[in-house]
Amino acid sequence: ARQAGGRGRRGRSFASPGGMGIYLSVILRPDARPDALMHLSACAAEAGAEAVETQTGLQAGIKWVNDLVAGGKKLSGILTELSVELESGRVQYAVVGIGVNCCQRPSDFPPELADIATSIAMQTGKDPDRNALAAELIRAISRLSRELLTERAAWMERYRARCVTLGKQVQVLWPDGMREARAIGLNDYAALEVEYPDGSRALVSSGEGSARGM
């Protein structure tokens with residue numbers, strides 16, 4: 001399968017050639033208000049990383065908020081979207097979309113992605129069983145769905161251990177400009193705590209800003 005119009009965060013495109021990857025979406029129906037689901041994107045990335053590791057043995061890291069990385073390059077992208085009922089203010093459903101590069105070799109990526117993208121095959125030396133990995137991804141997201149509201153701390157603890165952004169210098173992109181900072185922590189709703197050169201600190205949520213840097 002392939003996507004004709006794969007997309008990522010902030011309107012970016014997501015390359016999804018046929019026969020090379022997994023591109024799937026799962027619908028969740030959490031009984032919650034949107035502000036109780038701020039950790040969903042991060043935990044979906046952790047679920048994806050656990051599925052990849054279980055099925056292929058590849059230990060992927062996570063670049064905040066929800067990019068799976070291996071060998072310093074992007075392996076997978078995740079996009080989450082919510083639909084909210086206007087009258088009650090509660091979530092009608094959430095969609096978790098996952099794209100995983102599985103069988104690509106370097107020549108399969110377009111020039112603009114060649115230096116920043118990788119695949120399971122490139123990292124492990126063999127093509128994964130895409131059907132088995134897709135099933136494992138669905139199982140992992142299903143497990144997250146059951147535990148999303150009750151086991152948030154446990155999911156975030158595993159996410160922190162896998163997050164390659166922590167401890168790194170990053171460029172924080174706010175609507176009014178960019179600032180250099182150091183990523184020093186994550187709260188239980190996946191907001192990134194950063195420290196600026198002057199010693200001041202800030203929390204960056206995925207809806208307010210972004211951070212560049214591995």
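This is a predicted model: local features need pLDDT of at least 70, side-chain atom pairs count only at pLDDT 80 or more; totals for chains, interfaces and linings use all residues.
Trainee: What pattern does the chain follow along the sequence?

Mentor: The pattern is β-α-β-β-β-β-α-α-α-β-β-β-β-β. The radius of gyration, taken over C-alpha atoms, is compared with a globule rule of 2.2 Å times the number of residues to the power 0.38. The chain has 17 Å, close to the 17 Å that the rule gives for 214 residues, so it is as compact as a globular protein of that length. Its C-alpha atoms fill a box of roughly 45 × 40 × 30 Å along the principal axes.

Trainee: How do I read a sheet, and what is the strand order in the one that holds β1?

Mentor: Strands of a sheet pair through backbone hydrogen bonds, either parallel or antiparallel. Here two strands count as paired if DSSP finds at least two bridges between them. The sheet with β1 is open, has 5 strands and runs β1-β5-β4-β3-β2, with antiparallel pairing. β1 (21-28) and β2 (61-63) stand at the edges with a single partner strand each, so one side of each is left without a neighbour in the sheet. The twist averages 20° from one strand to the next; axes are lines fitted to C-alpha atoms, for helices over the stretch in contact, and angles run from 0 to 180 degrees between N-to-C directions.

Trainee: Which helix packs on that sheet?

Mentor: Helix α3 (residues 130-147) does, touching β1 and β5 (91-101). Its direction makes about 25° with that of β1. Contact means heavy atoms within 4.5 Å.

Trainee: How many bridges join β4 and β5?

Mentor: There are 9, again in the antiparallel sense. Glu-81 has Val-95 in β5 as its bridge partner. This hairpin has 6 residues between the strands, and Gly-89 takes a positive phi near 75°.

Trainee: What is the strand order in the sheet that holds β9?

Mentor: That open sheet of 5 strands reads β9-β8-β7-β6-β10, with antiparallel pairing. The edge strands are β9 (201-204) and β10 (210-212), each pairing on one side only. Here the twist averages 45° from one strand to the next. β6 (residues 169-174) and β10 run antiparallel and share 3 bridges. Val-172 has Ala-211 as its partner in β10.

Trainee: Now burial. Which residues of α4 are buried?

Mentor: An α-helix has 3.6 residues a turn, so residues three or four places apart point the same way. Buried means under 20% relative accessible area, exposed over 50%, partly exposed in between (1.4 Å probe, protein chains only). In α4 (residues 152-162) the buried residues are Trp-155, Met-156, Tyr-159 and Arg-162. They cover an arc of only 120° around the axis, which puts them on the same side of α4; the arc is that of the directions from the helix axis to the C-beta atoms. The face turned away carries the exposed residues Glu-157 and Ala-161. The cover over the buried residues includes α1 (40-56), β2, α3 and β7.

Trainee: Is Glu-136 buried or exposed?

Mentor: Glu-136, in helix α3, is buried, with a relative accessible area of 13%. Not counting residues up to four places away in sequence, Glu-136 touches Ala-51, Thr-54 and Gln-55.

Trainee: Which backbone values deserve a look in the loops?

Mentor: The peptide bond from Trp-64 to Val-65 is cis, with omega near 10°. Val-65 lies in the loop between β2 and β3. Ala-190 has phi near 70°, a positive value in a residue other than glycine. Ala-190 lies in the loop between β7 (177-186) and β8 (192-195), and is buried at 5% relative accessible area.

Key: Residues are numbered from 1 along each chain as its sequence is written. Side-chain values use heavy atoms; hydrogens and water are left out. Helices (H or I, at least four residues) and strands (E, at least two) are DSSP runs, numbered from the N terminus.
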